[in-house]
Amino acid sequence: MSVTVRVPAKVNVQLAVGAARPDGFHDLANVFLAVGLYDEVTATASPGGPRVTCTGPDAAQVPLDGTNLAARAAVALARRHGLSPDVHLHIAKDIPVAGGMAGGSADGAAALVACDALWGTRASRDELLDICAELGSDVPFSLVGGAALGTGRGERLSPLEVGGTFHWVFAMAHRGLSTPAVFREFDRLGEGVAIPEPVASQDLIDALAKGDPDLLAASVSNDLEPAALALFPDLAAALAAGRAAGALAALVSGSGPTTAFLVRDESAAARTARALQDSATCRTVRTASGPVPGATVLA
Ligand SMILES: C[C@@](CO)(OP(=O)(O)O)[C@H](O)COP(=O)(O)OP(=O)(O)OC[C@H]1O[C@@H](n2ccc(N)nc2=O)[C@H](O)[C@@H]1O
Ligand SMILES: Nc1ncnc2c1ncn2[C@@H]1O[C@H](COP(=O)(O)OP(=O)(O)O)[C@@H](O)[C@H]1O
């Protein structure tokens, strides 16, 4: 018997970052939007697990040992319920790896939901969210999906209303960026500068609720963008190419290096994607819209 769970990527439409905390994390005002780029995780009973396999465009960069977030999720759930994590987790990946779209986090949330269904542990929503928060700051949002404001490390979620569909183009880079390295660069760039407390933008929250792409374009922001650009200067060319193609807004997605372009509608997405593909400033280009639901068991 197997259970397959589909789980979306995310883009941060606001990422406000505070000063480094004593625990090494940063307080955030992190507005997530789940978008229609998906991984699928299939859990199958298998003695001696967790065993991880992975297919997809970036599979070679995905660890298959116990550090894989899907494996860590299975171990965490099994431990709480006195079980042995005897499971094979197959990841069909389509979310870029180390791309700033929470690809690993997504697989952690998906594996948790899949093992819960496979083992019949019937964990409550709160228990699942609790385990997600242990696995990583982005993992709770991968479970919940839609749009939400994440505070604390980003793991404390308040769902947000979205009054329409937002269309995006994503330009994948030729290599990844280490999330910790980008936060360290953020700290370095901010040395000697007072870092304000991160606060969610009310204009941005209103734009989401109205489903208004022009208002959203005017209010998106990412405090990690200067750090990502410092570590990966070529991203500036992709951002410029997307803007030149008519994107309403262009930004680095989270810690990057994926660059995200908000466009008005599907036809604008197709035009912008073609222009980015022809610009030779990125590896591959995808289009996706949001919001979409979080980790979901497929029938
Ligand atoms: C930057 C964001 C924006 O959504 O995601 P990505 O762009 O990587 O997808 C997140 O904050 C990433 O979340 P996630 O990738 O789960 O981070 P974690 O595993 O919790 O932490 C990895 C490392 O990132 C740094 N980190 C993460 C979250 C946070 N609020 N402050 C931090 O300083 C720390 O160095 C930490 O050790
Ligand atoms: N299931 C997984 N999928 C992708 N990366 C994973 C996974 N499990 C662990 N990792 C590790 O986590 C790192 C960051 O993963 P990812 O979440 O894709 O980056 P980002 O948070 O920038 O989107 C990867 O470089 C990889 O080494």
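**View 1. Lys10 (K10), a buried residue of a predicted model.** K10 is buried, with a relative accessible area of 5% (buried means under 20%, using a 1.4 Å probe and protein chains only). This residue sits in strand β1, residues 2–20 (strands are DSSP runs of E, at least two residues, and helices are runs of H or I, at least four, numbered from the N terminus). The model is predicted, with local features needing pLDDT of at least 70 and side-chain atom pairs 80 or more, while totals for chains, interfaces and linings use all residues. Residues are numbered from 1 along each chain as its sequence is written, and side-chain values use heavy atoms, leaving out hydrogens and water.

**View 2. The surroundings of K10.** Beyond four places in sequence, K10 touches several residues, including F32, G100, D138 and S253 (contact means heavy atoms within 4.5 Å).

**View 3. Two annotated residues.** UniProt, in an unreviewed entry, places the feature "active site" at K10 and D138 (annotations may be inferred rather than shown by experiment). Although spread over 129 residues of sequence, they cluster in space, with a largest C-alpha distance of 9.2 Å. D138 lies in the loop between α3 (125–135) and α4 (139–144). Leaving aside neighbours within four places, D138 is in contact with K10, N30, F32, A102 and S105.

**View 4. The largest pocket.** Here 42 residues form the lining, and L69, S105, D138, T179 and P180 lie nearest the centre (a pocket is an open set of points on a 1 Å grid over the protein atoms alone, where a 1.4 Å probe fits, with protein on both sides within 12 Å along at least five of seven lines; lining residues have an atom within 4 Å of a point). Helix α5 gives the most to this lining, with five residues.

Notes
Chains are lettered from A and ligands numbered from 1 in the order in which they are written. Buried means under 20% relative accessible area, exposed over 50%, partly exposed in between (1.4 Å probe, protein chains only).
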